[in-house]
Amino acid sequence: LQGIFVLGLPYAVLHSGYSGLLLIVLAAALCCYTGKILIACLYEENEDGQLIRVRDTYEDIANACCKNLSPSLGGIVVNVTQVVELLMTCILYLIVSGNLLSHSFPYVPVTEKIWAVIVFVTLLPCVFIRTLKIVSKLSQLCSLVHFVITLIVITYCLTQMYQWSWAKFRLSLEFEDFLVSVGVIIFSYTSQIFLPTLEGNMKNPGEFRCMLNWTHFFACIVKTTFALTAFLTWGEKTKEVITDNLPSFLETLVNLCLLTKALLSYPLPFFAATEIVYSCISKGNHSNYRSPLLSLTLRGSFLLLTLLMAMFTPHFALLMGLSGSVTGAAMTFLLPSLFHLKLKWKTLSFLEKCADISVFILGFLCSLAGIVCSMKGLLDVFG
């Protein structure tokens, strides 16, 4: 999903000007910070002052925070939020894939929905994925394809340096356009859902913080370079998805790369969503499927659900924006900062408490603004 948002960064800079470049840096720092405090909530100090991993998942953290109200209330809220966001992501991949195929082969008399069905057929093997190792290999290929896409766009933009002008940047901002830019930029970094599992599967978990620092640093550099070079190339003509600005021969090539990226990206959120649901059914047993038939039925049902939602949900983009404003902001900003304050309050310094509270307030404002904009869009559509 991050790749899809990255392609919208030049458009976000169009509507946010210089502040958009600062937001790309700020969002990297904030998402890196919330990732660290989320992982910190997995650990507690023992009698010797050593940090011991006492929790394994986002659900465990939530349950620990809400144990005085209900032993499982926090986990239920987190699981529902995660599953909704992950399924929305899977549905978006199907919609994007159908759209890309439709634009890549405009002379083929096939609708976007039929293309989505064809893509769905190619994704059927996902029901047989049972380990994270397979998903990680697909994600590596996805990262490689994303690198190729970014390289193609930046290389083309560098060939157009003769027409670059800093005067293209806007100084005045429209509030609603700016809010859209904030959403695109912030959610191009979100990965908190996967971090507890990632940290738990590292050979050396002690290197997690260093890994998070470097990945967000390089992501910030690449995204800033990508957004800046693309915007300087096309200026006011920058389109929502920057690949639409490319010459036709490059656009088709990049669209096919994007299609490959979407297909390789689908298994990760799909696997994560089915694992969460199955773990609830089997009382937290993540790795050992006691009933192969149940797991196969569950994954098949989820796969079919994503297709049906992609084909028959009207105005899905607006609904995606609405749910993303709630689930994305909650999982990225609200819950990590809230959980960190709850579990670590006695050991946090004054500055750390202020940082967590500030992140919580910022997340709440971003979520509220996104909800208002999405609801306004839905009301305009249904008029």
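The model is predicted, so local features need pLDDT of at least 70 and side-chain atom pairs count only at pLDDT 80 or more, while totals for chains, interfaces and linings use all residues. Residues are numbered from 1 along each chain as its sequence is written, and side-chain values use heavy atoms, with hydrogens and water left out.

The chain holds 15 helices and two strands, taken as DSSP runs (H or I of at least four residues for helices, E of at least two for strands) and numbered from the N terminus. With a radius of gyration of 21 Å, close to the 21 Å that the globule rule gives for 383 residues, the chain is as compact as a globular protein of that length; the radius is taken over C-alpha atoms, and the rule is 2.2 Å times the number of residues to the power 0.38. The C-alpha trace spans about 65 × 50 × 45 Å along its principal axes.

Turning to the interior, 49% of the 383 residues are buried, that is, under 20% relative accessible area, with exposed meaning over 50% and partly exposed in between (1.4 Å probe, protein chains only). The largest nonpolar core has 99 residues, such a core being a set of buried Ala, Val, Leu, Ile, Met, Phe, Trp, Tyr and Cys residues joined through side-chain atoms within 4.5 Å. Tyr 266, Phe 302 and Phe 339 have the most contacts inside this core, a contact meaning heavy atoms within 4.5 Å. Among the residues that Tyr 266 touches are Cys 90, Tyr 93 and Leu 303.

Lys 113 lies in helix H6 (residues 112-122) and is partly exposed, at 43% relative accessible area.

Conventions
Lists of a residue's contacts leave out its neighbours within four places in sequence.
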